[in-house]
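Below is a short briefing for a reader who has not seen this structure before. Look at the structure, then read the points by topic.

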Amino acid sequence: MVPLENYLVLSAILFSLGVYGVLARRNAVLVLMSVELMLNAVSMNFIAFSAYLDPSRITGVIFAVFIITVAAAEVGLALAIVIRLFRNRATVNVDEAAILKW
Amino acid sequence: MTITEHAYLLAAIPAGMFLLLALLGRYLPRGGDYLGVLATGTSFGLMIAVVANYVQNRGGLGGAFQHGLEAQEFPAWTNSIEWSTVGDFVLRMGIYVDPITVLMLGVITTVALMVNIFSIGYMKGEPRYYWFFAVLQLFVASMLMLVLADNLLLLLISWELVGVCSFLLIGFYWEKRSATEAAKKAFITTRVGDVGLFIGVVLLGKAAGTFNIQDVIHAAQEGHIGSTYLFVSMMFLFLGAMGKSAQVPFHVWLPDAMEGPTPVSALIHAATMVVAGVYLTARMLPAFEVAGDMMLIITLVGLVTALLTGFIALAQTDIKKVLAYSTVGQLGFMFVALGSGAPEAAMFHLMTHAFFKALLFLGSGSVIHATHHHQEMDELGGLWKKMPITATTFLIGSLALAGVFPLAGFWSKDEILHSTLDWGGGWAFILLAFAAVLTAFYTTRLFVRTFLGKPKDQHIYEHTHESSFVMTGPLLFLCLLAIVSGFVVFQDVGKAIGFPGGITEFIFVEHPHVFHIDWALAGTSIAIGVIGIFSAGWMYWGGSTVRSTKLAEWQPGLYDMITNKFYFDEMYQYGIDRGLLGFSFIVSWFDRYVVNDTGVDGSAQITKYSGSVLKYAQTGKVPNYAMGVAIGVITLAVVGLAVRG
């Protein structure tokens, strides 16, 4: 059986990739994709812990299902915003959408 | 079960009538004045039953004096209920009926009934007619509760209630600015004393562990309260008595209180409320006796008041103001008696004074009503022919006040003079006798200038007429009492009514004192009256003021002091302007610049400034926020791991 650590390491790598993407990328679509990566990393953690620590109950799996649902909704909303942004500014560069400040 | 145990009904009936009149009075025909008379009349009837029951039962005990009963065994009826329980402390509220209470009940209900009847005539056609009678009932109820109270808290509540009624009735004509000013002055001046009373009650209650008056007195007598502590708390208590009874330096409110309707002056500011201080002191006298030099202080306050107001009354020209200063002076007499350890003399004088002073006030009310609100002596004169009944009763009242044999005032004033001699203060006797001469003098002046001589204002004189029977009736009844109420001092009279030993033995139980005529003292008393009356008669005969003007010119400085009432009002005004307002200025400065500008506005300023600096951190760029979140999470994780080790 694959040890738990392997899952955790994979999850950590995925999460770090996501963080990097969110911080480094300027394209709004790529930023959203990176957020998805982070969410999936978290889901994987939940499932791994659920399967290894308390297999009789499926709490972690349920969480993962919820995360997928919420993520789908979030992406739907976020992409709609990105489309509106593109219509108005002809760009999806997040640095240029910086008027929400003092 | 006896009626005496249910004496609280005396207060409950007018209290209920107050509610009825205050809520529905305006819809009743004639403002419900007959209901007011009915309520006080019922109280009066119950009072007679209570007195009869009390005297009879006391007679059954054979009288304390004859059998040498101890003070504690003296018959006093109590009836109380458990009011509230806080931990181990049980507060009981109830009534306590002893001779002092019985006497007060008699005075209050009698004068209240007479004033109620008189008011029907006097207040006819006034605005807020129903409201006058409503507040009058509330006053009677609170005053009766005050004298019935068996504990200091209930007494304090009633004390404040009568103060409120006094305020409402002084300011009855609130369209007049002077009336509202007088009402405020009365309320605030007595309030200074009332705070003292409140502190005193709390101090005594704390030390004695109970508010029951008899238990507090007992604790004081047994020495359960430290001597300095007792002195201080009794001093505070006495401040309350001084405020209510308008003793120097609190006397300034009573003359101004004459702005109220005259029946109110008769009831509240002559016969009942102002004697609450005397009542309280008499009630607590055993505790005062063991509280250091309190007795001497009481005597001095009374003496100074009697003399000072005696002088002031000499130069007043308003009928009611003369009577007001006279009232303050007579209250001073009572305090002298109390300070001399003779509450029986004080209570006796309280009773006779209530009757003849109420008579005088109602008589002046009759004059004011008949002359359509002219109450300056300079405008009146010669009213004897126009108003014979008022003039005759007023004359008898004046003679009683002057202490003329054998009217009521003579016997009670005699008792007070006697008490100062017993106490051993020759100087007090001489000063008090001089105050009595002044009393006789200004009383005669008042009568001569109002009722004798030629009318000074022909127009007013011609429109004057004798008052209707609803007003002269109470005058006649009170006149009768002013003549006969002094005789209860005799043992034979007392025996006939039910208290062998006369009123003085009836009232005070610890040092029973039976009245006997001391001819030297009686002669002095008669001489006092004669000197005062004849000198005033000589000076003002025929309404002439030529001689008095000469006297004023002879001593302009003294005359100036007297007409300006020894500058008390001016001193207080100065003190308020400089002291109180100065202090208020400092407080308001502190409030404005320290509390408001630094405290309240300061925190807002800090928020505003920090916001103006920190707002630049808000770049609007998503990656900056994301970086902030990332750094925050990493920091939290590192700190969390470090803390967990």
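In chain B, helices α11(B) and α15(B) are roughly parallel to each other, a label given to angles under 35 degrees. In this predicted model, local features need pLDDT of at least 70 and side-chain atom pairs pLDDT 80 or more, while totals for chains, interfaces and linings use all residues. Residues are numbered from 1 along each chain as written, and chains are lettered from A in the order in which they are written.

**Helix pair**
- Helix α11 (residues 262-271) of chain B packs against helix α15 (residues 319-339) of chain B at an angle of about 10°, with the axes 11 Å apart.
- Axes are lines fitted to C-alpha atoms over the stretch in contact, and angles run from 0 to 180 degrees between N-to-C directions.
- B:Thr262, B:Ser265, B:His269 and B:Ala270 of α11(B) meet B:Lys320, B:Ala324 and B:Thr327 of α15(B) (C-beta atoms, placed from the backbone, within 7 Å).
- By class, this contact of α11(B) with α15(B) has two nonpolar, four polar and one charged residues.

**Helix α6(B)**
- Helix α6 (residues 152-170) of chain B should span 27 Å, and its end C-alpha atoms are 26 Å apart, which agrees.
- In α6(B), 14 of the 19 residues are buried (20 or more other C-beta atoms within 10 Å of a residue's own).

**Domains and chains**
- Chain B is assigned domain 1 (3-563) and domain 2 (569-644), with bounds from an automatic or database domain assignment.
- The centres of these two domains of chain B, taken over C-alpha atoms, are 59 Å apart.
- Between the chains, 10 residues of chain A are in contact with 10 residues of chain B.

Methods:
Contact = placed C-beta atoms within 7 Å. Helix = DSSP H or I, 4+ residues; strand = E, 2+ residues; numbered from the N terminus. Expected span 1.5 Å × (residues − 1). Buried ≥ 20, exposed ≤ 12 C-beta atoms within 10 Å, placed from the backbone. Parallel < 35°, antiparallel > 145°, perpendicular 65-115°, else oblique. Nonpolar A, V, L, I, M, F, W, Y, C, P; charged D, E, K, R; others polar.
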